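Colleague: I would like to learn how to read the packing of helices and strands in a model such as this one. Could you take me through it step by step?

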Amino acid sequence: MASLQESLNKRNLTLIVSLPANDAVLAGAALKEGADGLKVHYNVGHRASGNHFGQLDEYEAVFRNIRGQFDGPFGVVPSGSIEGAKREDIERLAPMGFDFYSIYGHHLPSFMLQDLGLERTFAINESSDLALLPSASHFGFTALEASVIPGSEYGTPLSFADVLKYRYLVERARMPVLVPSQRKLVPDDIRALSDAGIKAVMLGAIVVGKTEDTLRKAVADIRDAIDRLT
């Protein structure tokens, strides 16, 4: 299987789809249209999609189904709070086929810094102290998720001001930077993100919508834009 680290090293820009629902059909559609990796959720309310994801036990069968469909990076958001990140659940993730976890730094308990068989990524938000960023590489993270757009601005167009902020993070993070689609990313945005040094784009509900048809079109369009970079 290709790990997240391998994908980030091998590709100019990795395309990850953050599924709007834990659904094997949507996963298959994303993969067919060119996703390099997938991300799912449990035990979290998702602000962009309006979805609430239940406990791990509810999704184990579908997660294993999705894992069986491809051998690329497969990640999971395991909690929307520090109290909700339970060791007994996190220890089940690698055996279930997950490659990496993705969680806000302020939701990440200290035990998740241990070797749990998973690559580690963490997210920052618009109020995170960016002066602390260079210190994060000491803890062996694979990537930083730049979730820095305020919730009130979700779904609006990408601006040069955003690209500048992403470039600032790239220059200071000492690790690959992933950009989630908090803005309404379009194919024309891809070259600017790549030129800023971004290593992965993570398409979520704001871009892919909630149906198979909208997801297919969005993923195919962004895939084409990425392929045209090289």
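**Helix packing and the barrel**

Modeller: Helices (H or I, at least four residues) and strands (E, at least two) are DSSP runs, numbered from the N terminus. This is a predicted model, in which local features need pLDDT of at least 70 and side-chain atom pairs count only at pLDDT 80 or more, while totals for chains, interfaces and linings use all residues. Residues are numbered from 1 along each chain as its sequence is written, and side-chain values use heavy atoms, with hydrogens and water left out.

Colleague: How do the axes of H3 and H4 cross?

Modeller: Two packed helices are described by the angle between their axes and the distance between the axes. Here the axes of H3 (residues 56-67) and H4 (residues 87-96) come within 11 Å and cross at roughly 20°, and the two helices are therefore roughly parallel (an angle under 35 degrees).

Colleague: Which residues of H3 meet H4?

Modeller: Leu56, Asp57, Glu60, Phe63, Arg64 and Arg67 in H3 meet Asp89, Arg92, Leu93, Pro95 and Met96 in H4.

Colleague: And which strands form the barrel?

Modeller: Strands of a sheet pair through backbone hydrogen bonds, either parallel or antiparallel. In this model eight strands form a closed barrel, E1-E2-E5-E6-E7-E8-E9-E10, with parallel pairing (at least two DSSP bridges between two strands). The twist from one strand to the next averages 25°.

How values were computed. Axes are lines fitted to C-alpha atoms, for helices over the stretch in contact, and angles run from 0 to 180 degrees between N-to-C directions. Angles under 35 degrees count as roughly parallel, over 145 as roughly antiparallel, 65 to 115 as roughly perpendicular and the rest as oblique. Contact means heavy atoms within 4.5 Å.
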